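Subject: Structure handover

Hi there,

Here is the structure I promised to pass on to you. Please load it first, and then read my notes below alongside it.

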Amino acid sequence: MMRYKEEKEVKKEAFRKYLESSGVLDSLTKVLVSLYEQNDKPSSALEFIQQKLGGPSVSEYEKLQAEKSDLQIKYNELLAKHQETLRELDEVKNLQSRNSTKDDADQPETFQDKVTTLVTHQH
């Protein structure tokens with residue numbers, strides 16, 4: 001039984017030294033002292049500690065999440081538009097290659113005309 005307690009104490013001491021050497025104890029102590037010295041205690045002590053340690057506030061986090069969501073939607077829309085443009089360009093290329101095997105008289109619209117039409121159609 002005594003051996004188990006000794007092992008536990010050794011592990012605790014090793015962990016304490018790890019926290020101390022990594023600067024965690026110092027940082028947490030500073031933050032807690034700062035919280036203690038606040039005359040008007042914040043409504044959320046946890047949020048105060050997170051901010052002091054460099055994390056975003058809840059409102060900042062929510063704002064960033066909303067911004068990320070908006071950007072993801074725009075990205076998805078642009079990607080879909082890009083893929084559609086590539087498909088249309090492939091169709092034009094295929095038409096051009098099929099028409100180039102025909103007689104020039106059968107080809108009233110040139111490849112350049114088709115590309116111009118495609119590009120102006122996109123805007």
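Ser-34 sits in helix α2, which covers residues 24-36; helices here are DSSP runs of H or I with at least four residues, strands are E runs of at least two, and both are numbered from the N terminus. Ser-34 counts as buried because its relative accessibility is 17%. For that label, buried means under 20% relative accessible area, exposed means over 50%, and partly exposed is in between, using a 1.4 Å probe and protein chains only. Leaving out residues up to four places away in sequence, Ser-34 touches Phe-48 and Lys-52, where a contact means heavy atoms within 4.5 Å.

A word on the basis of all this: the model is predicted, so local features need pLDDT of at least 70 and side-chain atom pairs count only at pLDDT 80 or more, while totals for chains, interfaces and linings use all residues. Residues are numbered from 1 along each chain as its sequence is written, and side-chain values use heavy atoms, with hydrogens and water left out.

The chain as a whole

The protein chain has 5 helices and 0 strands, giving the pattern α-α-α-α-α along the sequence. Of its 123 residues, 9% are buried. Among contacts with a separation of 6 or more, 22% are between residues 24 or more positions apart. The accessible surface comes to about 10,700 Å², with 56% of that belonging to carbon and sulfur atoms; accessible areas come from the Shrake-Rupley method with a 1.4 Å probe, and for residues only the protein chains shown count as cover.

Back to α2

Helix α2 has 13 residues and reaches 18 Å from its first C-alpha to its last, close to the 18 Å expected at 1.5 Å a residue. The expected span is 1.5 Å times one less than the number of residues. Which residues of α2 are buried? They are Val-31, Ser-34 and Leu-35. Seen down the axis of α2, these buried residues fall within an arc of 100 degrees, so they line one face of the helix; the arc is taken from the directions from the helix axis to the C-beta atoms. The buried residues of α2 pack against α3 (45-52).

Leu-28 also belongs to helix α2, and it is partly exposed because its relative accessible area is 36%. Together with Val-24, Leu-32 and Leu-53, Leu-28 makes a nonpolar surface patch of about 330 Å². Patches are made of residues with over 30% relative accessible area and no salt bridge, joining like charges within 9 Å and nonpolar side chains (Val, Leu, Ile, Met, Phe, Trp, Tyr) within 5 Å.

Salt bridges

The structure holds 6 salt bridges, each being a side-chain nitrogen of Lys or Arg within 4 Å of a carboxyl oxygen of Asp or Glu. One of them joins Lys-30 and Asp-26, at 3.4 Å from N to O. Lys-30 and Asp-26 both lie in α2, 4 residues apart, about one turn of the helix. Lys-30 counts as exposed because its relative accessibility is 56%, whereas Asp-26 is partly exposed at 45%.

In helix α1 (residues 2-21), Glu-13 and Arg-16 are 3 residues apart, again about one turn. Their salt bridge has its closest N and O atoms 2.8 Å apart. Arg-16 also forms a salt bridge with Glu-20, with the closest N and O atoms 2.6 Å apart. Glu-20 and Arg-16 are separated by about one helical turn, because they are 4 residues apart in α1. An α-helix has 3.6 residues a turn, so residues three or four places apart point the same way.

Helix α4 runs over residues 58-100, and its 43 residues should span 63 Å at 1.5 Å a residue; the end C-alpha atoms are 62 Å apart, which agrees. Buried residues in α4 are Glu-88, Val-92 and Asn-99.

Gln-112 is in helix α5 (residues 111-122) and counts as exposed, with 52% relative accessibility. How far apart are the C-alpha atoms of Gln-112 and Gln-96? They are separated by 9.6 Å, with the two residues 16 apart along the chain.

Best wishes
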